[in-house]
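Colleague: Hi! Could you walk me through this one? I'd like to start with the ligands and then jump around a bit.

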Amino acid sequence: MTRVAVIGAGPCGLSQLQAFATAKRNGAEIPEVVCYEKQSDLGGLWNYTWRTGLDEHGGPVHGSMYRYLWSNGPKECLEFADYTFDEHFGRPIGSFPPRAVLYDYIAGRADKFGLRDYIRFNTSVQSVVANPSGGFTITVDDHKSGERSASEFDHVVVATGHFSTPNMPQYPGYESFPGRILHAHDFRDAVEFADKDVLIIGGSYSAEDVGSQCWKYGAKSVTFSVRHGPMGFDWPEGCQEKPGIDRVEGKTVHFTDGTSTNIDAIISCTGYLHHFPFMAPELQLKTANVLACDMLYQGMVFQPNNNVFYLGMQDQWYTFNMFDAQAWYARDVIMGRIDLPSADEQEQWVADFVALEGEVTDDYGLIDFQGAYTKALVEATDHPDIDTDMIDAMFKTWKGHKKADIMSYRDNGHASPFTGTEAPAHHTPWLQAMDDSLEDFLAEK
Ligand SMILES: Cc1cc2nc3c(=O)[nH]c(=O)nc-3n(C[C@H](O)[C@H](O)[C@H](O)COP(=O)(O)OP(=O)(O)OC[C@H]3O[C@@H](n4cnc5c(N)ncnc54)[C@H](O)[C@@H]3O)c2cc1C
Ligand SMILES: NC(=O)c1ccc[n+]([C@@H]2O[C@H](COP(=O)([O-])OP(=O)(O)OC[C@H]3O[C@@H](n4cnc5c(N)ncnc54)[C@H](OP(=O)(O)O)[C@@H]3O)[C@@H](O)[C@H]2O)c1
């Protein structure tokens with residue numbers, strides 16, 4: 001029997017399991033599927049850990065999420081076609097749930113469809129090697145038994161995410177800075193920075209969200225250093241934007257425009273590296289954090305070896321629903337329902353896709369680009385329809401809300417693309433909502 005290994009039980013790995021489980025429910029004979037997950041639970045980044053640095057087994061901590069993290073996009077933009085928010089929660093809920101609520105939703109689908117049965121928890125993949133005779137040998141460490149073992153597979157789906165290995169630049173003066181320097185990957189609780197002057201480096205989602213959190217939880221000041229800025233938000237009093245960093249001297253950071261400010265801590269929100277040390281070198285994906293990744297036909301079939309798939313490796317406007325679309329496509333390639341074109345045609349497809357992204361000039365265009373990509377994948381399989389036009393429009397409205405007020409955009413509600421349900425306003429405006437628990441979010445107040 002054909003054997004498929006899925007590495008990681010975060011949203012992408014779960015999408016892959018759901019794709020196979022759905023085919024099975026519909027009467028198809030599916031391959032044997034084994035999912036390896038190094039943590040003790042599913043959910044990937046949504047499975048919060050207080051740990052930083054090394055995990056309990058000496059491996060790198062995967063988690064990059066922090067306390068008080070609320071969804072930064074409307075939940076309606078990532079809703080599963082086969083498991084709506086209405087179905088899970090039984091009533092309409094706000095559009096920007098905190099992490100624990102989205103974790104609950106992800107776990108709810110996995111439980112409803114029996115996805116845990118495919119997963120070997122506490123099992124980290126140590127190496128994936130292509131066998132000369134075909135197929136792959138995968139070596140794993142079972143952290144419960146303490147045993148290392150190797151098994152053979154015909155296909156490998158890499159679903160280990162790409163927001164866990166920090167991209168950490170260094171600036172002159174770091175070595176003698178008398179305060180804490182950390183990457184967003186290791187940020188866990190904004191309360192730590194109350195009454196402090198905080199420097200945030202970066203101009204993207206982590207920068208805006210970690211900076212907003214620090215301000216919300218009482219930082220004395222928040223200075224954003226954005227080398228390709230500005231971010232374009234109307235920051236509240238106590239926040240300021242500066243250009244790139246020239247150097248740090250003692251507690252003073254000097255910017256490239258000649259200005260300077262005093263700081264107590266530096267949080268580097270400078271993004272992440274695609275990092276797959278467990279894959280043999282010739283099987284490693286090498287790409288930037290973009291919408292049209294190098295080396296991936298249809299954004300998920302690894303060109304150099306078509307029996308390897310990488311899910312969710314693009315920069316993300318679309319998330320869970322795009323992961324489902326990719327997983328359905330990968331499943332159909334593996335099950336022989338979709339024939340792949342020649343290597344040259346795949347190469348051309350990737351080149352054209354990369355060129356097409358290069359022609360896009362603004363964020364609205366990028367949203368449409370990823371919406372069109374997701375739609376094309378959905379149309380190629382039996383995945384239920386997704387109204388990407390509606391979702392594209394929702395993303396654009398959301399961007400407008402952010403631009404109008406970065407501290408209150410989460411107070412708006414959006415409509416479900418599947419049930420049409422309008423999300424109510426949350427009982428407490430985001431800026432005053434200090435409790436991020438599921439119980440508090442779902443409480444009637
Ligand atoms: C701080 C932060 C906030 C975010 N907020 C949002 C948001 O609000 N909305 C949104 O839609 N998206 C958000 N994202 C984007 C996020 O990438 C996706 O939501 C989603 O988690 C990606 O799923 P994934 O399965 O690709 O990767 P991950 O969620 O990273 O899961 C990968 C899994 O692989 C496992 N794994 C890794 N290596 C191994 C190994 N060697 N062996 C076995 N298992 C392994 C990990 O333990 C993990 O469970 C956020 C990302 C970050 C970093
Ligand atoms: N609440 C939430 O939901 C939430 C919160 C945080 C993050 N996220 C998610 O996490 C993912 C990752 O976002 P991210 O912001 O961490 O990464 P990112 O989008 O890749 O952004 C990295 C930022 O760092 C800057 N940068 C990179 N190298 C630098 C250097 N050497 N010096 C100065 N600046 C540098 C980049 O600017 P340049 O353009 O200059 O390179 C960019 O602004 C996204 O999917 C996001 O949605 C979500």
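Modeller: Happy to! One term to begin with: a residue is near a molecule or strand if its C-beta atom, placed from the backbone, lies within 6 Å of it. This is a predicted model, where local features need pLDDT of at least 70 and side-chain atom pairs count only at pLDDT 80 or more, while totals for chains, interfaces and linings use all residues. Residues are numbered from 1 along each chain as its sequence is written, and chains are lettered from A and ligands numbered from 1 in the order in which they are written.

Colleague: Great. Which residues come nearest to ligand 1?

Modeller: Gly8, Gly10, Gly44, Gly161 and Thr319 do, out of 32 residues around ligand 1.

Colleague: And what is the split by class in that shell around ligand 1?

Modeller: There are 17 polar, 13 nonpolar and 2 charged residues. For the classes, Ala, Val, Leu, Ile, Met, Phe, Trp, Tyr, Cys and Pro count as nonpolar, Asp, Glu, Lys and Arg as charged, and the others, Gly among them, as polar.

Colleague: Which element gives the most to the shell around ligand 1?

Modeller: That would be α1, with 3 residues. Both α1 (11–25) and β4 (123–130) supply at least two residues each. Helices (H or I, at least four residues) and strands (E, at least two) are DSSP runs, numbered from the N terminus.

Colleague: Now ligand 2: which residues come nearest there?

Modeller: Of the 23 residues around ligand 2, the nearest are Asn72, Pro169, Ser204, Ser206 and Gly271. Helix α4 (residues 205–216) has the largest share of this shell, 4 residues. By class, the shell around ligand 2 holds 12 polar, 9 nonpolar and 2 charged residues.

Colleague: Which domains does the shell around ligand 2 draw on?

Modeller: Domain 1 (3–164 + 272–394) and domain 2 (174–268) each provide at least three residues. Those bounds come from an automatic or database domain assignment.

Colleague: How many residues of each domain are in contact with the other?

Modeller: 8 residues of domain 1 are in contact with 10 residues of domain 2, where contact means that the C-beta atoms, placed from the backbone, lie within 7 Å. On the domain 1 side that touches domain 2, the classes are 3 nonpolar, 4 polar and 1 charged. The C-alpha centres of the two domains are 32 Å apart.

Colleague: Switching topic, what about the largest nonpolar core?

Modeller: It has 117 residues, and those with the most contacts inside it are Val157, Val158, Ile200, Phe309 and Leu311. Such a core is a set of buried Ala, Val, Leu, Ile, Met, Phe, Trp, Tyr and Cys residues joined through C-beta atoms within 7 Å. A residue is buried if 20 or more other C-beta atoms lie within 10 Å of its own, exposed if 12 or fewer, and partly exposed in between, again with C-beta atoms placed from the backbone. Helix α5 (residues 320–334) gives the most to this core, with 10 residues. Both domain 1 and domain 2 give residues to this core, so it lies between them.

Colleague: Which residues does Val157 touch?

Modeller: Leaving out residues up to four places away in sequence, Val157 touches Val4, Ala5, Val6, Ile7, Gln16, Phe309, Leu311 and Ala330.

Colleague: Last one: what is the radius of gyration of the protein chain?

Modeller: The protein chain has 22 Å, which agrees with the value near 22 Å for a compact globule with 445 residues. The radius is taken over C-alpha atoms, and the globule rule is 2.2 Å times the number of residues to the power 0.38. The C-alpha trace spans about 65 × 50 × 50 Å along its principal axes, and buried residues make up 44% of the chain.

Methods
Contact = placed C-beta atoms within 7 Å.
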